[in-house]
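Please open the structure in a viewer and follow the stops below in order. Each stop names a selection and then describes what is found there.

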Amino acid sequence: MRARGGATVAAVWLILAVAYGVYFSFSIFLVPLLEEFGWSRGLTAGAFSVSAVVQGVLAPVTGVLVDRVGARRVIVGGVLVLGAASLLASTISAPWQLYLYTGVIGAVGLVALGWVPMGVLLSHWFAKGRARMVGIAFSGMGMGVFVIGPLAQWLIARAGWRAASAWLGAGTITLLLPIAWTGTRDPRPVAAPRDADARTPRDGSLGRALDDGTAAARADVGVGDAVRDARFWALWLAYFFTPLAVFTVFTHQVAFAVDLGFDRLLVASIFGVMGLMSTGGRIVFGVLADRIGPALAASVSFACTAGGACALLALETSAQVAWLWGYALLFGLGFGARGPIITAMATEHFGGRRFGLIYGVLNLGNGVGAAIAPWFGGVVHDVTGSYRLAFLSAVVFSILGAACFWRASRPSP
């Protein structure tokens, strides 16, 4: 059982590495799209916002599908759709095509192999140390950004953005289809420990049973029960503020640095380093959540996000490459660190037979926030000619997100 669980973590890691590496390469493709078509930044980045809306709306649907047919079938379908979206994106010639291929079809593929099915799958495999195991599995996202971001820029420089998009789509299907089919089997849900040591300690560490009910009682928690719990809405808002703090900066990072005169391959490489740092960040903060409590771990990760945004903003007054490296290190550590913590906390509070649907509804918050952030950053630049206000807002959203984690850590009345 333990060996099979480890194999599942490895499969999830690889799938998320490729899928999210391709998805987050949008910021690399943003620059050639702007140059070829001359569209406004708000319009172009809006495709990323539409993608977030679609993912948010479909998250509960995905949760229901996972509960009914299992995670593996949903994930395999997601691989096929995501690869097809990237292939179709190579033919873009009008905004509606960008919005359809990237914003809709790509989003359908990503949500089908993303947070919801993977979170439910891992919650079924592990009862203890969930934050740590989810952090390890989800750290693949950062490695994907580290590898595929510079790879995308290299392909664009040598073959053009259309060929680069086509190659990424074909590679996604070829590499991930066999991994998804063989490596994401659905076990029976793992019951949480019920002995004296399984109670939630005072430090709020994760991966243990609820302190106010048995595993059997928790299995009967439904959506109605969840939405009447203040902790559910605290997690929902944490999911909402997190992408507002991240994607307002992340989507426009390459365009911002290129505007200041930095070499594109250098920027793409530093973008990749940020992804590598997020690989370590997900693991580190997952372990910290189990050891020092989720609220404190999430707060430290938000401090990294805010510090990274400030480092990037400092380039406006001092265009030194050191600020780019500071951004990559700090922002990368915080990037994606909250997702595993939220997954583990949600499993603690609401895990059971209906967890797929509950987790999908929680992801609506992430979808709404991620929908606003890229568009907001682009519009701020279009109106003011600068990203200053957008990047400063990321600091405010980081503070609000941290506060939500502290509320979600409080015991239920």
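**A tour of buried aromatic residues**

Select tyrosine 20 and tyrosine 23: both are buried, that is, under 20% relative accessible area, where exposed is over 50% and partly exposed lies in between (1.4 Å probe, protein chains only). The model is predicted, with local features requiring pLDDT of at least 70 and side-chain atom pairs pLDDT 80 or more, while totals for chains, interfaces and linings use all residues. Residues are numbered from 1 along each chain as its sequence is written, and side-chain values use heavy atoms, without hydrogens and water.

These two tyrosines are 3 residues apart in helix H1 (residues 2-24), so about one helical turn separates them. Helices are DSSP runs of H or I with at least four residues, numbered from the N terminus.

Next, select phenylalanine 247 and phenylalanine 335, which form an edge-to-face aromatic pair, 6.5 Å centre to centre with 85° between the planes. Rings of Phe, Tyr and Trp (its six-membered ring) pair if their centres lie within 6.5 Å; planes under 30 degrees apart are stacked, over 60 edge-to-face and the rest tilted. Phenylalanine 247 lies in helix H12 and phenylalanine 335 in the loop between helix H16 (321-334) and helix H17 (338-350), so the pair ties together parts 88 residues apart in sequence. Both phenylalanines are buried.

Now display helix H12 (residues 230-250) as a whole. Of its 21 residues, 18 are buried, so H12 is largely enclosed by the rest of the structure.

Finally, select the aromatic cluster whose members include Tyr20, Tyr23, Phe247 and Phe335.
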